[in-house]
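Please have the sequence and the structure open while reading.

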Amino acid sequence: MDGDMYDVIVVGGGPAGLSAALVFGRQRRRVLVVDGGRVRNAPATEMHMYLSRDGFPPARLLEIGREELAAYPSVELRQGTVLAARGAKDDFEVELADGARERARRLVLATGQVDEPYDIPGLAERFGRGVFHCPFCHGWETTGRTLAVITTEPHEAMLALYVADRFSDDVVLCTHGPLDLPDEIAKKLDERGIQVRSERVTEVSGEPGDVTVHFADGSALRRQAVYHRAPTRQHSELAARLGCEILDDGTVRVNELQETTVPGVAAAGDTAKLPAVPDAATLVSLGAADGVRAALWMEGDLFRSDLGMTPAR
């Protein structure tokens with residue numbers, strides 16, 4: 001095999017990418033991890049539902065991950081951005097922003113997503129600090145607090161019902177304008193005593209634990225926490241440019257082994273989705289598991305190729 005060619009290039013240095021690299025490193029594969037340093041949960045000070053690391057700073061998790069990878073000399077970590085990727089199984093080439101070009105037999109895409117909160121002044125600035133996206137990640141910490149949910153999507157009104165059922169008896173749904181709610185959801189909101197504010201939201205202000213939602217009519221709603229499940233987009237267009245199938249929500253289609261529709265390319269973490277599980281949560285623990293799953297399958301595929309055997313599937 002070409003000495004200048006890596007076995008695998010992993011694009012993305014978050015939980016999914018580092019976990020994949022750890023598997024490859026332990027199998028003595030020559031691996032390059034290209035990390036652009038753009039982590040989706042950067043605003044968050046804690047992560048949850050990761051056994052032994054509940055409440056752990058996510059930035060510290062990645063720091064420890066990089067330290068652990070240093071024990072495996074075949075794994076190279078490089079700060080940078082992959083601008084383009086081309087080629088086919090057994091001979092991919094990636095182009096980095098600094099002009100470097102590297103080749104690999106396989107690719108793992110773990111570039112993640114970007115949250116794009118509504119264009120409401122003050123909302124994005126408080127995302128992860130007083131404004132939360134996920135009741136699984138932050139619900140326990142908002143138990144018993146006064147809550148608001150900001151959404152313009154009818155189906156997302158279910159989030160208000162959920163946090164009212166699990167964590168608070170004082171929840172207000174803010175629809176940022178008139179919203180035609182399904183009859184069943186509207187009925188349940190009324191039964192639970194969840195107020196619906198349909199005025200346009202003009203600003204979100206305050207500090208963690210004391211957030212104020214301002215409305216176009218001049219009124220304001222003071223809450224201890226706000227939930228807002230922001231729209232997302234892919235961090236990178238590499239998957240689409242490689243020809244991977246992209247699902248309607250913008251995620252990369254994968255199978256149960258994290259294989260994309262392009263041979264030799266896997267995708268893991270928030271980047272990817274199994275169509276059979278359309279509403280899968282995006283958690284650090286699940287992202288790490290995806291990376292391990294992708295690497296285990298890919299290692300087997302590489303091994304069969306080393307022996308000159310046909311692919312397993």
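Methionine 49 counts as partly exposed because its relative accessibility is 35%; buried means under 20% relative accessible area, exposed over 50%, and partly exposed in between (1.4 Å probe, protein chains only). The model is predicted: local features need pLDDT of at least 70, side-chain atom pairs count only at pLDDT 80 or more, and totals for chains, interfaces and linings use all residues. Residues are numbered from 1 along each chain as its sequence is written, and side-chain values use heavy atoms, with hydrogens and water left out.

**Surface patch**
- Methionine 49 sits in the loop between strand E2 (31–35) and helix H2 (58–69); helices (H or I, at least four residues) and strands (E, at least two) are DSSP runs, numbered from the N terminus.
- Together with Phe136 and Tyr162, Met49 forms a nonpolar surface patch with about 290 Å² of accessible area in total.
- Accessible areas come from the Shrake-Rupley method with a 1.4 Å probe, and for residues only the protein chains shown count as cover.

**Cysteines**
- With a disulfide taken as a pair of cysteine sulfur atoms within 2.5 Å, the count is zero.
- Cysteine 137 is in no disulfide, and its nearest cysteine sulfur, that of cysteine 134, is 3.3 Å away.
- Cysteine 137 counts as buried because its relative accessibility is 14%.
- Cysteine 244 is also buried, at a relative accessible area of 5%.

**Hairpin**
- Strands E12 (residues 201–207) and E13 (residues 210–215) run antiparallel and are joined by six bridges; strands pair if DSSP finds at least two bridges between them.
- Glutamate 207 has aspartate 210 in E13 as its bridge partner.
- Two residues lie between E12 and E13 in this hairpin, and glycine 209 in the turn has a positive phi of about 90 degrees.

Key
Patches are made of residues with over 30% relative accessible area and no salt bridge: like charges are joined within 9 Å, nonpolar side chains (Val, Leu, Ile, Met, Phe, Trp, Tyr) within 5 Å. A salt bridge is a side-chain nitrogen of Lys or Arg within 4 Å of a carboxyl oxygen of Asp or Glu.
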